[in-house]
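Colleague: I'm new to reading protein models. Could you walk me through this one, feature by feature?

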Amino acid sequence: MAEHSPTLATELGIVGYDGELQDFSPEYWDSLADRIRELMADVDALNDGTDESDDEDDFDSVDHVTAAILRDRMGLELELLHQGEFQAQLNNIESPVQTIRDTFSLMPTDTPEQLEAIESRLSKVAHALHGYRESLADAASHGLVAAHRQIDAVIDQCENLADEGSLLESLGVDPESSAVTSAKAAFGEMADWLSTELNPLGSLEEAFGRERYELFSEYFVGYQVDLDEAYEWGLDQLHQIVSKQKQLARKLYGDDCPVRVAYRRLNEESRYTLEGTDELQQWMSKVSHRAIEELDGMHFTIPEEIKELDCRIDPAGSGGIFYTPPADDFSRPGTMWWSVPKGQTTFHKWQELSTVFHEGVPGHHLQLGITLTEKDNLNLWRRTMNWHSGHGEGWALYAEQLMDEFGYMRDPGMKMGLLDSQRLRAARVVLDIGVHLGKKVPEGSGVWDASYAKSFLRDNTAMDEANLSFELDRYMGWAGQAPSYALGQRAWVQLRDDALAEGQTLTQFHDAALRLGSMPMDLLRNEILNN
């Protein structure tokens with residue numbers, strides 16, 4: 001897979017491929033499907049070819065779990081490839097344009113050889129984007145085209161990469177070199193093609209529909225979801241969270257203070273305010289290091305290899321916060337990235353504390369870092385490449401809840417921020433399912449569409465307009481992913497409660513669950529409970 005998809009090799013820290021770049025052409029996706037089929041056949045043949053008389057070759061308990069996870073994940077990926085979904089993928093957050101852009105942020109720049117790899121990869125951007133256009137055109141010929149909203153968002157991203165001041169000029173390679181100028185020109189050409197060729201074919205219908213959505217939902221959540229039950233559950237969660245926020249707003253600022261006014265007044269308080277990205281970065285690092293020091297040995301066993309967490313500002317500036325795990329040999333540390341939109345200089349700790357816990361410790365950094373240390377038990381695929389959003393994002397949202405349970409949200413402003421985070425995730429369950437299944441809005445006066453979704457999102461989050469617009473575009477173009485957070489959290493809480501009822505301590509539960517790595521939650525439940 002590292003040879004097939006060199007950006008994946010960079011992400012995983014597998015050396016030798018940083019100068020390469022996949023072309024995202026129809027042939028690329030066909031070869032990926034072939035490789036998946038071969039892999040699944042190899043696993044089945046290995047399983048069938050072992051018996052109790054064999055020694056080294058026998059499937060042990062870890063192998064059986066690995067095979068089950070692999071069949072689940074690869075089977076869904078193969079179905080999405082057969083349906084043309086990967087070939088047609090174009091949205092503001094998870095499609096080839098972002099893959100190409102973001103891989104450069106992960107590449108080291110310390111030696112001439114590393115800079116040569118960046119230059120080599122830059123020189124291949126034009127070919128990769130040409131192949132991507134072939135895939136998009138082929139998918140369009142079969143009726144699969146992104147909605148105008150997504151095409152417009154990617155056009156903007158391509159133009160930013162093509163313009164003066166492009167991220168590509170800050171990679172350590174001479175901005176006037178042929179590699180940089182050709183890559184910038186390629187993104188400009190991509191923007192033009194999207195505008196003139198694909199946009200006229202783009203869909204006005206943004207809803208994916210129930211059949212497509214069910215497949216994406218299973219892929220992201222990790223199990224088949226009763227979507228109608230999940231929608232009603234999300235509405236109920238929203239009602240409960242809003243009730244708690246109203247009580248907290250009255251506690252903060254008096255009986256007549258609405259939640260929205262409490263948000264505004266919290267933003268005006270200097271004790272919750274950070275000015276500039278330097279101050280933001282320092283605060284992220286301070287909070288993360290304190291969490292590592294205080295949680296180790298208390299509620300988790302934190303390995304030495306992951307007691308370093310890098311906190312950076314993402315130069316792409318697209319909005320949002322995300323995490324990239326360490327390299328498998330820990331030569332590159334885990335990193336929390338804050339992608340600050342252009343012009344934003346003020347940040348509010350009350351809004352963001354729970355997010356730092358989500359991305360750092362005890363969230364993704366702890367989760368993915370512990371898995372990486374399990375070299376004696378888990379193979380490279382399970383440690384690095386295997387990812388289930390319901391498991392992973394569910395854990396990170398559960399981590400936010402844990403920090404409240406551990407007493408880190410006693411400050412009422414920080415508690416309001418946690419509730420805001422939980423409210424957003426519950427709202428996303430309702431919004432995502434509502435839009436893509438064309439359900440009636442909660443008031444019953446119409447059907448979900450993008451306009452109602454934006455108003456609903458604005459009513460249910462404290463985020464600023466720039467981030468809100470990015471988030472809305474994300475939900476409209478990446479169907480099924482957003483609900484995996486809250487639905488995954490629900491599964492984690494249920495599993496935790498059952499493990500404690502069985503007699504496990506909280507630390508035992510956390511250590512055992514995290515050492516197993518990412519997997520569908522029903523498989524995890526089977527591994528954790530009843531031995």
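Colleague: Let me start with a pair of helices: is the crossing where α18 passes α21 left-handed or right-handed?

Modeller: A crossing is left-handed if the near helix is turned anticlockwise from the far one by less than a right angle, and right-handed if clockwise. Here α18 passes α21 in a left-handed crossing. Before we go on, a word on the source: this is a predicted model, where local features need pLDDT of at least 70, side-chain atom pairs count only at pLDDT 80 or more, and totals for chains, interfaces and linings use all residues. Residues are numbered from 1 along each chain as its sequence is written, and side-chain values use heavy atoms, with hydrogens and water left out.

Colleague: Fine. At what angle do the axes of α18 and α21 cross?

Modeller: Helices (H or I, at least four residues) and strands (E, at least two) are DSSP runs, numbered from the N terminus. Axes are lines fitted to C-alpha atoms, for helices over the stretch in contact, and angles run from 0 to 180 degrees between N-to-C directions. For α18 (residues 412-437) and α21 (residues 483-501), the axes come within 7 Å and cross at roughly 115°. Angles under 35 degrees count as roughly parallel, over 145 as roughly antiparallel, 65 to 115 as roughly perpendicular and the rest as oblique. So α18 and α21 are roughly perpendicular to each other.

Colleague: And which residues of α18 and α21 meet?

Modeller: Contact means heavy atoms within 4.5 Å. On the α18 side you'll find Gln422, Arg425, Arg428, Val429 and Asp432, and they meet Pro483, Tyr485, Ala486 and Gln489 in α21.

Colleague: Let me try another pair. How do α19 and α20 pack?

Modeller: Helix α19 (residues 450-459) and α20 pack at an angle of about 135°, with their axes 10 Å apart. That makes α19 oblique to α20. This time the crossing is right-handed. Among the residues that meet are Leu457 in α19 and Glu471 in α20.

Colleague: Is Glu471 buried or exposed?

Modeller: Buried means under 20% relative accessible area, exposed over 50%, partly exposed in between (1.4 Å probe, protein chains only). Glu471, found in α20 (residues 465-477), has a relative accessible area of 9%, so it is buried.

Colleague: Where does Gln22 lie?

Modeller: Gln22 is in the loop between α1 (6-12) and α2 (26-48). Its relative accessibility is 5%, so Gln22 counts as buried. The side chains of Gln22 and Thr7 are joined by a polar contact of 2.7 Å. Beyond its neighbours within four places in sequence, Gln22 touches several residues, including His4, Tyr28, Thr99 and Ala128.

Colleague: Which residue other than glycine has a phi near 60°?

Modeller: Phe24 does, and the value is positive. Phe24 is also in the loop between α1 and α2, and it is buried, with a relative accessible area of 4%. Phe330 is another non-glycine with a positive phi, about 65°. Phe330 is found in the loop between β3 (321-324) and β4 (334-338), and at 23% relative accessible area it is partly exposed.

Colleague: Which residues does a cis peptide bond join?

Modeller: Val361 and Pro362, with omega at about 15°. Pro362 lies in the loop between α14 and α15 (364-372).

Colleague: Last one: how many disulfides does the structure hold?

Modeller: A disulfide is a pair of cysteine sulfur atoms within 2.5 Å. The structure holds zero disulfides. Cys257 is buried at 7% relative accessible area, and Cys311 is buried at 5%.

Definitions and conventions:
Polar contact = N/O pair within 3.5 Å; in protein donor to acceptor, adjacent residues only side chain to side chain.
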